[in-house]
Every structure is written in C-alpha cells, then in structure tokens.
Amino acid sequence: MMTGMTFIIVAGIISFLDAAEWYPKSLKCDVSLAKNGSEVSVDCTERDLTEVPLGIPMNTTNLTLTINHIPHITNDSFYTLHNITEIDLRCNCVPIKVGPKDRVCTQSLTIDNGTFWNLKNLKSLYLDGNQLSSIPKGLPPNIVLLSLEVNSIYSILKENMTELTNIQMLYLGQNCYFRNPCNTSYYIEKDAFVQLEKMTLLSLKSNNLSYIPHQLPASLKELYLYNNNIQTITEMDFHNLTELEILDLSGNCPRCHNAPFPCVPCPNNAPLQIHPNSFKTLKNLKTLRLHSNSLTHIPLEWFQNLTQLSLLDLSSNFLAKEITYTSFPSLLPNLEELDLSFNYEFQVYSASLNLSRSFNHLKSLKVLRIRGYVFQELTQDDIDPLANLSELEVIDFGTNFIKIAHLSLLKNLKSFKIINLSDNKISMPSQGDTSLSNHRENHYSSPMSQGAQYHNGEVKDMHYFLYDEYARSCKYKDKELWISSPFNNKCSLFGKTLDISRNNIFFLHSRFLDLGELRCLNLSGNAMSQSLNGSEFVQLKNLQYLDFSDNRLDLMFSSAFQELSSLVVLDISRNSHYFVAEGLTHMLNFTKNLGKLSKLIMNDNQISTSTNTEMESFTLEHLEFKGNRLDMLWRDGDTRYTNYFKNLLILKSLDISRNNLNFIPLGVFKGLPETLTDLYITNNRLKSFQWKGLVYLKNLKLLDLSRNHLTDVPACLSNYTKSIETLVLHKNNIVKLTPNFLKDAFSLKVLDLSYNRIQFIQESSFPGNVVDQLQTLYLNNNRFVCSCNATWFVRWINRTSVNIPRLATDVTCASPSAQKGQSVIFLNIQACQHNSLSIILCILLTSVILSILMLTISSHLFLWDVWYIYHFCLAKLKGYRRLSSSSTVYDAFVVYDTTDSAVHEWVMQELRIHLEDKGDPRMQLCLEERDWVPGCPLIENLSQSIQLSKRTVFILTGRYIMSGSFRTAFYLAHQRLMDERNDVIVLIFLEKMPCQSKYLRLRKRLYKKSVLEWPRNPQAQRYFWFSLRSVMATESQQYNKLFQETL
C-alpha cells in the first residue's frame, strides 16, 4: 500500500517538473503522463528503431514499440522498468505476405529467455507480427494478457503453458492462414489449456483448425474460432463452458460466392454441422456469431437454453427460405441484435420480404439487419411482424434491389431511430399497388457495400465480405476498433433517421416523405437534377439534417429548401453537374430563408460563378466551401465578389481549401465577417499571403495555410493580429523566418512549421517570452543547417519545456553531410563556444602553413633564379666591378650531367682524350669530378671553375637542359659576359638540337661556331674535333658583322 502511494506522490511531483528533467530529449518516443499521475505512457510507434531506446523513464507503466525493426530483445532491454504494466512489441518482423514489401523481414524477432521475468508488475504483453515460432520462455507469473497473433506458432503444447497460470486473455490467432501460411497442420495438445483456470478469453481464429480443442478451461467467457477449417461441432465440444458469453464460429464451411479472398467451402458446399445440443449448456451465452457457415436450416434446439442471448449473427448463409417460416425467434425473448444479411438465393428475385410471423416475438430487439436478401417491393406485410416491436431502433434493408418502397408504412414503426434503405433501386415512393413477377431480373450482381452496426448509439462499419472484420492492425491493439462509417453518424445523432442514399430517386414531389417525425434524411447519390423551389419537403417541418450530396442540384430559385424551417445542417457537396455548365442561374443566397441553419457544407462543386454577389444568413456559423473555384470569383480587377461572405453575420468557421487560389485580394479580408474565429485556406497555390489582411479579423483564433507554396512569414505577426492562437504553415516552401516573426505574439499557443525548408532559426525570430509559452511547436521535416549559427537554437531546444513532437527522430540536420540525418539535439555546441577566437587562430595557422608551403616550393623551383636576380639587382645598385681573380688556369670548364653514365663516359673517353691527350696544342680541362675542391660549396666551385677557365663548354642532353644545376652554371657563365664583355659559352649537343628554342636560334645567328652538335656519322667526327679546337683556340668570340654594325 505504501509503495503504491509513494509512486502516486512521486508521479504527481513529476507532472509539475520540466519534461527534460525526468527523461532525455534524445528519447525517440512521445511521453505522456496521466492527469492522476498513475500512468506514464511511452509511445515509440513507427520510429524506425533497431533496438529498445535508452532513456525510457524508470516510472514508465505503458511502453509501445510497435512498427519498428527491432531484431533482438535482451535481458537488459527492460531491466530498469520496474513499474511497467504493459509492453507492446507488435509488428517488428511482420510475416512476408502480410508486411510491407519495401522492407521485408526474413528473420524473426529473438527474445532471450527470462527477458520479462523480473518485471513483476507486467500485466499485458503484445508480441503480434514478429514471426515467433514458439511462446517465449521466462514470462512473469503475474501476466494476465498475452497476444501472439500473426506469428509462426503452429503447435500448442501443455509445457508451453506452465508459466501462464494467471493468464486471463490469450490471443493465438492468425498463425496459419492464406496470408501467413504454415504449410503444416496446426496442432493443439489435448490438455494444453486445462491448467489455465483463470483464462476468460481465448482466440484461435484463422489457424486452419479442423476441430474444437479439447478440455478448454471452464472459466472461459469469450471463445473465437472463426475462419478455421472446422466442419463439425459435436455435442460435447462446449459442454463444460458454462460461463461462456461470446462464441464466434464464423467462416467455417464459408459461403464463398463473391468472396474477395481465397475461400474454400466444405465438400459439396455442405454447411457447418452443428449438433442440436451443442449449445445446450451455454446458459450465459450473450453473443453467437455464425456468419458464413453455409447454414440452410436453424434448429430450434440450438436456442432452447440460450435465454440470455442478445446478439445473433446469421449473415452470409443460405437462409432466404428459412426466415419466411422459421420459428426460432420465439425462443429468444432477450435478443437485441439480429443480422440476417446476404442470405439471398441464387437467381431469385422475390416479390417481397415475407418475414416469418415469429419475428414479432423479439420483444427486446433493437437492431435488425436484412441486407442482401434481394426483393422487389417493401410492403405492409413485410413491416407487420416488426410493427409491435417497441424496442426496435435500427432497421437495415440496404442492398436489396428494392424498386418500390411504401415509405408511409414507416409510420407504423413508432420507436425507430434509423431506417436504412440505401443501395437499392427505389425510383419514386409509391402509394399504390404494383404487380410484380416472382422471377429474378436477367442479370444479377450483388454490390458488396457496407452495412452499419449499431452499438451504444453509434454506427460502425460492417463489412460482410471481409476475411476478418475484427482483425487488429499494427497501429491499434484494441480487439474491435470503432472507426468512421459511410453511414452519417452526425446525422443520426439528431434523431429519427431515414437513409435512402444511392437509389434512383431523380425527382421529388411535394407529397414525398410524409414523415413529419424525421430529423435526419440522407438523399445522397440519387442523381436528382430538378430545380428545387421550396415545395419539395413541405411534409418535413422537423427535419434538422439533410444530406443532398452527390446529386445534380440546380439552384435556380433562391427559395430552395425554404420549407425546411428547422434545418440545422445542410450538405450539398459534390453537386457540380450544373455548376460547371455555362450561363445558368445559381442563387447561392438561398441561405437567407433558412432561419435555423447553423452549418452548410458545399464542397467539391466547382462553383466559379454566382448570380448573387453575396451570401446571406443570420444563423450560419460554419461554412465548408472546399473544392470550388474562388480563384475565378476573386480574379484581380473583379471586385464584385469581395464581400461574398460578409453578410453571413455570425459566421465562425470558414473553410476555403482547394479553391485553386494563387492570391487573395486585400479587399476579401475586409469583406469577411468580423465574427470569424477559424479560417482554413489549405491546399491552394498561394505563393504569398496578405498578412496585413488579418487586421480586419479581430476574433481570428485559428489560421491554417498548410499545403500551399508560401516562401515567407510575416515580418511581425503581432502587427497584424493579437488574437491568433493556432497558426498552421505545414508543407510550404518557407526557407527562413523573419527577425521579428513572433515578437509580442503572446496569444499564440500552437505553431506548425513542419515540412518546410527552414535552415536557421534565430533568437530574434523566437523570443523567449513567446515561444516558451507555446503548448505545441511542430518543427519536424525541415532542412536545418547544423553549423555554429544554430548554437542558440540547439541550446533552446535542449532546455525548453514546449512540446515538440518527434523531436528526436524528425527534427534533424540536412547539412553538413557529417551531421545529415542526425537530430539537432545531438549537435555539439561546445565546439562553437569560442567561435571568434577559433576563426582567428584558424586564419593565422592557415597563413603560416601556406607561407611555409610556398617558401618550400619556391626554394625548390626558383632558388637560383632568386639568387641571380638578387645579385643582378645588387650589381645594378652598386655598379659593376670586375671580380678579382688570378689569370686563367684552364682552357675550358666542362659542364655536363654527372648523373648520366653515357654522358660521363663520352666526356672522359672522348672529349678529355681528344683535347688533353691528342692534338696540338694540348689543352687543360676543368672537370667537376676531378678538379673540384671537396667540401667546398657548389656555388663557389662553379664560380671559381668558370672564372679560372677561358671557355665554359656545356655538354647538353634533353634531360640536362631541364635541370637546376644547368641553369645555375649557365647564369654564372653569362655573368662573365656582363662583367667582362666576354662570351665564353660553347654549346655541344649530344642529342638533336631543340628547334623551338629562341635562344639557340639567336645564338646561332650571332656566333654560329659556338654551337656544335655531335655527329651521328663517324666519318664526320674528325671535323667536329677540328671545329671544337678552332673555337677553343680563338681568344674571344666574334659576333657576325651585321650584328656589330647594328650595335
């Protein structure tokens, strides 16, 4: 007791704390706390998880991990969740034929033994849709609900159930059927369930079972065996189930005609064989479903002891003849709901319904459905067995191909609330007798439309041709989910309802429907095209809801509908037939005659013109004008319709979505009622919006501009409206927010900026005194740039208590690439704290590195060029002077590539021998490898060798010309020309001379003898040596006479 009280106190304290203080923002789930503090729910549905996320609050009571991709559950996955009472792990590895085709799961979810053992408070565990092959081991003894549907469990053994002694609800269905085939027989051990003495619900649906499991626990209250392959029900199958309240045997020996799924009937189309005494001991049975069992007869013995039965489903059998003379209703005084739909005979079109008189014994009956019986006329005799049923509220005769209906007969059904005659062939209510033949029309095709199931005042979808009407989806774990129905629930809430939609009533007469008690009338889908003038509904003075959608309404007269003085809601949607025609009269000011009209729905009419330029009403509060063409009425330059809604004097809600608007003139805002609180302009083509027009809407609280093409937001929202509470800009093209976007917008509570292209949010756009007061802020699916410019935004997101849905999963970075896809809450802002200093240091360091790099490269490539330029400039500044040197020692200094072995050999074996050892006179050569001083710097050796030699002979190859050592020696040799006016250079080419060299061509022009080429013909080598000796013997080189004269 103290532990539970402590938990409630702690949870109560937590509810007042900032959310970030008790669970991390990085948690990829939605966390909600019950108002009483007793439940903490964590919803991780569809978060693309591959493991159980970290950071789940320790006080979590309900954890949902459905529709993810978690492959493995370990012993550590839930070890901190000591208060957990429910875990939902459905649909993490859905079977291949059932699951999505874009991400097929081929390996089942694995669960370590004992994973749930320490969760002592765990009551409910959902493991559906995970391809499990067996019931997990190590389940806690306190578990009361275990769901293992849509897995691969093909056998149930007693040993699997030893840990489930306290189980109350066990779901094992859909483990073997056409979308999850098992390719083996489903096996249940004889006494597998005998020890489960507390079990109240067992579901074995869609398992290809061929028999009723033996020794079921007597504690069962609900047993679901539908969509199996059971062909026989014996007398003893249910004999011990005295507490059973719900039994579903549907879909065994099914009626397969028109079935939209693989359907296999029993051999010879035989019905399900049910022993007359099979239900004898089920004295507490309240619901019995025998849908689609191919039954042809209803034995009275079935119902001898079923005095508590309140719901009986006999639909989709072969009972068309049976219901004309059966007497079983006399045994069911407490039956409240009976379904006999789709029991028609093939190729038979009966004249009338012809119900058995025994139906008048169903004194407690509230709902009767007889869809798909197929008869031609609804007569007084058809109604008589039902006339005295004082509790009867819902009668469904839809999809019966009724041609003639005496609607005045409905007055005899005093207590009715809903009568459904939709999907028939009624063309005009008849007051007379019509002779009809008893044969079926030439062609018969039964439409598979939806029925309506009535439950606690609500109408639910009823699908007679679905494989499993009550199958769970991955998103909802409830057994039966009440969802919206094509039958108009809102209409039926007003009171007595008649639905004659989707018939052939193309013309209305003033005598039509003499049913003054009607509050709701559905005439949709009848292709009525007459021009209503205010006389058609004179008998329906109390009608409050009229559905006239999906017809061909012609509003020629402004008096249309004026006779409906009590009308509150009118739906004239999808009546575009005459509105798209040219030149017709459209009196849309008919609303001025409806003194109680509160809501008008006129969607998808493509209204582009109107005879009157204003609508009028003193009572209309809600107007839906979606799917029309206001872009035509509000064309630029045409001001006739700017006040179109102005005289709807108390209008509160206006929806002008899907009107093809690319702009809204400012005058339109002036022409809207000042009472307007909700304005919807979604799904248009707006690229800009007249925000200043909001000045005229003083009471506006909600503005929805989603799904447009807006690129900007107002400069300052509070300059235009002080009242707005919800602003929706979802799915636009907004790239940035203005600096003062939300300045002083204190009224704003909900802001939706999701699915835009926003890159940055600055502090000035989101002032703290405004955004911190928001209830919900949607920022998901934008294109945030996670750079240092986002520092404030990241800090704010991590500290705020504002609800930001899908923060950890969908509020992500789009760039830089290293951060792409990562949630903005994980951005490391520490690296941006010293942003300026970091930039300065980065620039300095970059400059130093570049300088060193440039210096290194330059020294390698241009060192000798710089050295030469330096000395050249120095000489220019100081003047030239002759270098002090001794007289020449050598006849020639030979410069060649010492690294080239062929050149080295030629110099030593050819040049040296011919000049030093042969000929006359003998010459003295200066050679690098022989005459240079070891250890002396290169420059000094070069300089001395050139200065101490009469000539400088360059032995040239293509590779040597490109080297730095050649260029250095060449510059120094030229220095003598500048200092001494003495050209000492001789060029000897061992390879073919480069023909593109301008210098070489110039030198050959000035002093041709100084350029020699080693001949390839050995006979010419003697001439080469002669020419070389001649150049070497000359005291100074002489340029040609023309050049000298020119100088």
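1. Strand S45 (residues 949–956) is largely enclosed by the rest of the structure, because 7 of its 8 residues are buried, where buried means under 20% relative accessible area, exposed means over 50% and partly exposed lies in between, with a 1.4 Å probe and protein chains only. Strands here are DSSP runs of E with at least two residues, and helices are runs of H or I with at least four, both numbered from the N terminus.

2. This is a predicted model, in which local features need pLDDT of at least 70, side-chain atom pairs count only at pLDDT 80 or more, and totals for chains, interfaces and linings use all residues. Residues are numbered from 1 along each chain as its sequence is written, and side-chain values use heavy atoms, with hydrogens and water left out.

3. Two strands are said to pair if DSSP finds at least two bridges between them. Strand S43 (residues 890–895) runs parallel to S45 and is joined to it by 5 bridges, with phenylalanine 893 having threonine 952 of S45 as its bridge partner. S45 also pairs in the parallel sense with strand S46 (residues 985–989), over 5 bridges, and here leucine 956 has phenylalanine 989 of S46 as its bridge partner.

4. Cysteine 91, in the loop between strands S5 (86–88) and S6 (110–111), has a positive phi of about 60° although it is not a glycine, and cysteine 91 is buried at a relative accessible area of 9%. Asparagine 268, in the loop between strands S15 (246–248) and S16 (273–274), likewise has a positive phi, near 60°, but asparagine 268 counts as exposed at 80% relative accessibility.

5. Serine 815 and proline 816 are joined by a cis peptide bond with omega of about -5°, and proline 816 is placed in the loop between strand S42 (813–815) and helix H10 (835–878).
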